[in-house]
Amino acid sequence: FDLIFADPPYHLSNGGITCHAGKMVNVNKGDWDVSRGLEIDFAFHEAWILECRRVLKDNGTMWISGTYHSIYICGYALQAGGWHILNDIVWFKPNASPNLSCRMFCASHETLLWAKKSHTAKHFFNYDVVRDGIFEKDILKKPGKQMRSVWYISVPKFSSMKYKKHPTQKPLELLNRIMMASCPQKGLVLDPFCGSAT
């Protein structure tokens, strides 16, 4: 594969509450999203990252999306596996759900890790396209200027979600930007977790 986009379970299911489509709902998604503890969670991430390494071209890159519940353990697994992290991208969500507990800051971003197989690997980066591209809805991206590591992209509106079930559906704009930046024309992309098949 030329590019891998991975959106692994965030392990958010902890009996808490969240806001979904304007309603208070339980955060529990199912047994697949429950943390099994640090060691077992790490082994899970280590295993799927190793399999991704096996099928990724030497000049390919991988993106991993997550929140603070999962992204740091993924980053550690990448580094332990010999990967080189190119960037961490902050996907800022201007229309993020409110924090209903009012006991902590409102989570309004996700982190994306962009990594290549080793420090010396020559990876594909479509620099000119992302520098000169038009991103009208991203108020942080200035025309003709380098793209920064904070991306202003709204989450999908509930009304536009086809099945309205996936708990962390990614907007097409986010995936388009990732592919535009780091996948050659007609490249082959793997999504090992598939989600809603965006």
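Biologist: What percentage of the 198 residues in the protein chain is buried?

Modeller: This is a predicted model: local features need pLDDT of at least 70, side-chain atom pairs count only at pLDDT 80 or more, and totals for chains, interfaces and linings use all residues. Residues are numbered from 1 along each chain as its sequence is written, and side-chain values use heavy atoms, leaving out hydrogens and water. Buried means under 20% relative accessible area, exposed means over 50%, and partly exposed lies in between (1.4 Å probe, protein chains only). By that cut-off, the buried share of the 198 residues is 37%.

Biologist: What share of the contacts with a separation of 6 or more joins residues 24 or more positions apart?

Modeller: A contact means heavy atoms within 4.5 Å. Among contacts in the chain with a separation of 6 or more, the share from residues 24 or more positions apart is 70%.

Biologist: Which residue in β6 is the bridge partner of Ile89?

Modeller: β6 runs antiparallel to β4, with six bridges, and Met62 has Ala115 of β6 as its partner. β5 and β6 also run antiparallel, joined by eight bridges. In one of these pairs, Phe92 stands opposite His109. For Ile89, the partner in β6 is Leu112.

Biologist: How many of the eight residues of β6 are buried?

Modeller: β6 spans residues 109-116. The strand is mostly covered, and its buried count out of eight is seven.

Biologist: Which residue of β8 stands opposite Ile4?

Modeller: In β1, Leu3 and Phe5 point one way while Ile4 and Ala6 point the other way, and all are buried. β1 pairs with β4 in the parallel sense over four bridges, with Ala6 partnered by Ile64. β1 also pairs in the parallel sense with β8 (residues 189-190), over two bridges. There, opposite Ile4, stands Leu190.

Biologist: Why are the buried residues of α4 on the same side of the helix, and what arc do they cover?

Modeller: The buried residues of helix α4 (residues 172-182) are Leu174, Leu175, Arg177, Ile178, Ala181 and Ser182. They are on the same side of α4 because the arc they cover around the axis is only 160°. The arc is taken over the directions from the helix axis to the C-beta atoms. Their cover includes β1, β4, β5, β6, α3 and β7, and the arc itself is 160°.

Biologist: How far apart in space are Phe124 and Ala181, C-alpha to C-alpha?

Modeller: Phe124 sits in the loop between β6 and α3, partly exposed at a relative accessible area of 28%. Leaving aside residues up to four places away in sequence, Phe124 touches Asn59, Trp114, Ala181, Ser182, Cys183 and Pro184. Phe124 and Ala181 are 57 residues apart in sequence, and their C-alpha distance is 8.2 Å.

Biologist: What separates the C-alpha atoms of Asp132 and Gln146?

Modeller: Asp132 is in helix α3 and counts as partly exposed, at 42% relative accessibility. Along the chain, Asp132 and Gln146 are 14 residues apart, and their C-alpha separation is 8.1 Å.

Biologist: What is the volume of the largest cavity?

Modeller: On a 1 Å grid over the protein atoms alone, a cavity is a set of points where a 1.4 Å probe fits but cannot get out; lining residues have an atom within 4 Å of a point. Grid points are joined across faces, edges and corners, and a volume is the space filled by probe spheres set on the points. The search of the whole structure finds one cavity of 30 Å³ or more. The volume of the largest cavity is about 40 Å³.

Biologist: How many residues of the lining of the largest cavity are charged?

Modeller: The lining consists of Asp138, Leu140, Lys141, Lys142, Gln146, Met147, Arg148, Val150, Trp151 and Arg177. Ala, Val, Leu, Ile, Met, Phe, Trp, Tyr, Cys and Pro count as nonpolar, Asp, Glu, Lys and Arg as charged, and the others, Gly among them, as polar. The lining holds four nonpolar residues and one polar, and the charged number five.

Key: On a 1 Å grid over the protein atoms alone, a cavity is a set of points where a 1.4 Å probe fits but cannot get out, and a pocket is an open set with protein on both sides within 12 Å along at least five of seven lines; lining residues have an atom within 4 Å of a point. Two strands pair if DSSP finds at least two bridges between them.
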